[in-house]
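Student: Can we go through a structure together? I'd like to start with the overall picture and then look at a few residues.

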Amino acid sequence: MENCLHWTLDVCFDEDRCRVRTGHAAQNLNILRHMALKRDTTKKAGIKRKRKIASWDHSFLLSLLEF
């Protein structure tokens with residue numbers, strides 16, 4: 001069943017082509033992807049843009065990964 005969340009994960013993170021299958025790596029990556037999709041109000045940008053900003057700005061990356 002395709003829903004909005006799966007579509008976003010597939011388009012922004014290319015999740016369907018992910019080849020990680022050993023140990024708990026696939027589950028860990030899934031958790032990180034869902035955490036990155038949480039509502040962030042500090043930056044007004046799309047998910048792809050936020051990923052790029054997070055790769056440049058480590059404090060923004062840490063704010064995305066907070067629980």
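Tutor: We will take the overall fold, then one lysine, then a surface patch. Keep in mind that this is a predicted model.

Student: OK, how many helices and strands are there in the protein?

Tutor: The protein has four helices and zero strands. Along the sequence, the pattern reads α-α-α-α.

Student: And what share of the residues is buried?

Tutor: Of the 67 residues, 21% are buried. The accessible surface is about 5,500 Å², and carbon and sulfur atoms account for 57% of that surface.

Student: Let's switch to Lys50. Where does Lys50 lie?

Tutor: Lys50 is in helix 3, which covers residues 47-56.

Student: Is Lys50 buried or exposed?

Tutor: Lys50 counts as buried, because its relative accessibility is 12% and the cut-off for buried is under 20%.

Student: So what does Lys50 touch?

Tutor: Leaving out residues up to four places away in sequence, Lys50 touches Asp40, Lys43, Ala45 and Phe60.

Student: New topic: which residues form the nonpolar patch on the surface?

Tutor: The patch consists of Val20, Leu29, Leu32, Leu61 and Leu65. Together they have about 320 Å² of accessible area.

Student: Where is Val20 found?

Tutor: Val20 sits in the loop between helix 1 (4-13) and helix 2 (25-36). At 30% relative accessibility, Val20 counts as partly exposed.

Student: Last one. Of the contacts between residues at least 6 apart in sequence, how many join residues at least 24 apart?

Tutor: In the protein, 48% of those contacts do.

Note on methods:
Residues are numbered from 1 along each chain as its sequence is written. This is a predicted model: local features need pLDDT of at least 70, side-chain atom pairs count only at pLDDT 80 or more; totals for chains, interfaces and linings use all residues. Side-chain values use heavy atoms; hydrogens and water are left out. Helices (H or I, at least four residues) and strands (E, at least two) are DSSP runs, numbered from the N terminus. Buried means under 20% relative accessible area, exposed over 50%, partly exposed in between (1.4 Å probe, protein chains only). Contact means heavy atoms within 4.5 Å. Accessible areas come from the Shrake-Rupley method with a 1.4 Å probe; for residues, only the protein chains shown count as cover. Patches are made of residues with over 30% relative accessible area and no salt bridge: like charges are joined within 9 Å, nonpolar side chains (Val, Leu, Ile, Met, Phe, Trp, Tyr) within 5 Å. A salt bridge is a side-chain nitrogen of Lys or Arg within 4 Å of a carboxyl oxygen of Asp or Glu.
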